[in-house]
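Visitor: I'd like a quick tour of this one before I use it. Can you walk me through it?

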Amino acid sequence: MFILIVIIHVIVSLIIIALVLLQAGKGADIGSAFGGSGSQAVFGSMSTPTVLGKLTTAVAIVFMLTSFSLAILGHRRTTTIMPATTPPTAPAAVPTPPAAAPLPAGSATPAPPSPPAPAKK
């Protein structure tokens, strides 16, 4: 459903672009922008709606409906891009080796090991 509405939305977008570009501008000359040539309205004089004008209105309504539908469906369809894996479990307790003897004060390296005691005969 979501993909179908996206396809319709893209097609309607291209149609509305084509319809707007096909229409002739109202009051295209510069004089009408400043009140010249008997302009009666701010955006040009109103005339009877043409077929292109009515078609543009219809396509604009479809565009708004598909936009609204995509917004609602997109909100319901929220997903994450992160994989749905569970975090690894903690490993079993491993016995820790005995702690090493502390270093003598002021020494940065450990003292060399003492030689083994001589064996008794």
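Here are some questions and answers about the model.

Guide: This is a predicted model, where local features need pLDDT of at least 70, side-chain atom pairs count only at pLDDT 80 or more, and totals for chains, interfaces and linings use all residues. Residues are numbered from 1 along each chain as its sequence is written, and side-chain values use heavy atoms, with hydrogens and water left out.

Visitor: Which element has the highest mean pLDDT?

Guide: pLDDT is the predictor's confidence in each residue, from 0 to 100, and the chain averages 76. Helices here are DSSP runs (H or I, at least four residues), numbered from the N terminus. Helix α2 (residues 30–33) has the lowest mean, 54, while the highest, 94, belongs to α1.

Visitor: Is His 9 buried or exposed?

Guide: His 9 sits in helix α1, residues 2–22. Buried means under 20% relative accessible area, exposed over 50%, and partly exposed in between (1.4 Å probe, protein chains only). His 9 comes in at 15%, so it counts as buried.

Visitor: What does His 9 touch?

Guide: Contact means heavy atoms within 4.5 Å. Leaving out residues up to four places away in sequence, the list for His 9 is Phe 63, Thr 66, Ser 67 and Leu 70.

Visitor: How many Å apart are Phe 2 and Ser 69, C-alpha to C-alpha?

Guide: Phe 2 is also in helix α1, and it is partly exposed at 24%. In sequence, Phe 2 and Ser 69 are 67 residues apart. In space, C-alpha to C-alpha, the distance is 8.8 Å.

Conventions:
Helices (H or I, at least four residues) and strands (E, at least two) are DSSP runs, numbered from the N terminus.
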